[in-house]
Amino acid sequence: MKVLLKGIAKVLRGCWKLLSFTRQLFFNLLFLALIGIIIFAFQEGAEAPALPDKAALVLDLDGPIVEKRSYVNPFDQVVDSALGQVPVQENVLFDIVDTVRAAAKDDKITGLILNLKEMPETSLTKLRYIAKAIEEFKQAGKPVYAMGDHFRQSQYYLASYADKIYMSPDGGVMLTGYGSYSLYYKTLLEKLDVTTHVFRVGTYKSFVEPYTRDNMSDAAREANTVWLNQMWDAYTQDVARNRQIDAGILTPEVKDLVSELKSVQGDFARLSQKMGLVDELINRTQLRQQFIKEFGSDGDHGFNQVSYYDYQPTIGSPFQPSKNGIAVVVASGAIVDGQQAQGSIGGDTAAALLRQARLDDDIKAVILRVDSPGGSAFASEVIRNEVDALKLAGKPVVVSMSSLAASGGYWISSSASEIIAQPTTITGSIGIFGILATFEKGLENIGVYSDGVGTTPFSGIGITRGLPEDVAEIFQLGIENGYQRFISLVSENRHISLEETDKIAQGRVWTGQDALKLGLVDRLGDFDDAIVSAAKLAKLDDYDLHWIDLPLSPLEQLLQDMTSEASVKVSQMVATQMPAALQPAIRQIATDVNSLNSFNDPKGQYAFCLNCNNTGI
């Protein structure tokens, strides 16, 4: 009887588990079906906004300008929210340029208005490419106006290309210049009894400095000063030419600025106008009336206008369909080993995209668009191997450097058929390092000790034990070998002697214009020039661009859309609890910690440029 009851109980438990599974499956399927119906309903109900017959295009960019959109994991969004970071939409650089160029040829678009108050700081290299499209718009005989309550540095750069700049009477232009600043943790780590083991080659390889020093080294300060000054000179020369003013006005001495500000009773708006930075001080109501006269009334107290976000989806490809394809593979972000989602460069992921281009018979050439401070040396080599394979297959590879292609970013570029950089591109930083933090002292202070036996000197190596000198020497020799590998690749592919390569390497950062003089790049130009070069090298008279990327899966897109609103709410709640003055520092610390956490090179060897990421440009 007891055995029988046990058997019945077992059967009942099995039936209950089956019933529970069936119930959960049913409701999960029902939930997914409901979500699908909602999405379908939104898609069916959403109608494209009707565009006016005649209107001004308003370039109202809201959110960062990127080479390609990144996928943000819902969990990461929650973490970002806890740090007070509000999720924002990303604007693809090439979409912006193509949209402005399409508008220049569109008879329905009668002018361009730059309303950039929500556009964050952006690299000068990206801004110059957008400015090129704005200049083309002006050459089409259509007016360009800039409007703003205040202008930050990047906003003002694009505004300077307008025929006329309008600003609020209570506004001002804030030009802060360029800088490279980091937080330094040496003393903190010592107080926490954390031992930092550093292995590196390169006098200027400064990534490890925040963990070994309390300030910037003289070598890093020297190198950073050179290229930062070059970047600022480029900015001020462009703006001065656009505004027909002396470039020195944009970098006044503090005492002169104080004197000028006193002359206008501390009115920043009047000072901006006096210096020639803006044309007219005008409030929003007055400006609206002025634009109504220029572009016509929309019948609802406004002027005829169309937002960038409404107009951009209506434009087509600027290229005609062709059987000859030029593939574009965008490598944007830090280089990490393995498969990675958009937002970073997975060695295996990027290599797979390049391989896809190699195996596609319709692809005749490849443009590798690089915007990266580097990362894993191993992953960089995996990507570079695919560049070599493309060339062996008879398909030229043209590297188009964006804002930065430094360290590992230069590694993956080094063997391309041709390397094109802009004068303001940050590149070079040819060096390599490894870093390991151990906590044996801190553990010992609280009475925790590590001991045991192992079969080799490497057994038990980890964060809880000190690093023996012999093992540390082995790690350093590995780093030195990696450096020699790096400079040998550059020497061989760029046809520079190994001795000369070593001199221009050492982890030093160069601008594109200096890199050209040193032989690290072939010529100066932008993405348009890379297209022309790729077509020329592949001997193509007609061609089309094929953007090769890994699209988000429907589930990834759904999760991202569903979590964005909740992330904003959490972010707003946390922001109200966290002192505003602490938020930048906390974000910087989080960035530094995330950088270390994301490092996953199998040999612990990294080609990464720290200062390239902390420039404020």
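**Aromatic pairs, sheet and pocket**

The structure holds 21 aromatic pairs, where rings of Phe, Tyr and Trp (its six-membered ring) pair if their centres lie within 6.5 Å, and planes under 30 degrees apart count as stacked, over 60 as edge-to-face and the rest as tilted. Please bear in mind that this is a predicted model, in which local features need pLDDT of at least 70 and side-chain atom pairs count only at pLDDT 80 or more, while totals for chains, interfaces and linings use all residues. Residues are numbered from 1 along each chain as its sequence is written, and side-chain values use heavy atoms, with hydrogens and water left out.

Let me take two of the pairs. Phe 94 and Tyr 129 are edge-to-face, at 6.4 Å centre to centre with 70° between the planes. This pair links distant parts of the chain, 35 residues apart: Phe 94 lies in helix α3 (residues 93-105) and Tyr 129 in helix α4. Helices (H or I, at least four residues) and strands (E, at least two) are DSSP runs, numbered from the N terminus. Both Phe 94 and Tyr 129 are buried, that is, under 20% relative accessible area with a 1.4 Å probe and protein chains only.

The pair of Tyr 145 and Phe 291 is tilted, at 5.8 Å and 40°. Tyr 145 belongs to strand β5 and Phe 291 to helix α11, 146 residues apart. Tyr 145 has a relative accessible area of 12%, and Phe 291 one of 2%. Together with Tyr 166, Phe 295 and Phe 303, these two residues form one aromatic cluster.

Now to the sheet. What is the order of its strands? The open sheet has 6 strands in the order β8-β6-β5-β4-β1-β9, with parallel pairing; two strands pair if DSSP finds at least two bridges between them. At the edges are β8 (280-281) and β9 (305-307), each pairing on one side only. Strand β1 (residues 55-59) is joined to β4 (residues 109-115) by 5 bridges.

Finally, the second largest pocket. A pocket is an open set of points on a 1 Å grid over the protein atoms alone where a 1.4 Å probe fits, with protein on both sides within 12 Å along at least five of seven lines; lining residues have an atom within 4 Å of a point. Of its 35 lining residues, those closest to the centre are Phe 94, Asp 98, Pro 318, Leu 545 and Trp 547. Helix α3 gives the most to this lining, with 9 residues.

Definitions and conventions. Buried < 20%, exposed > 50% of the residue type's maximum accessible area, 1.4 Å probe, protein only.
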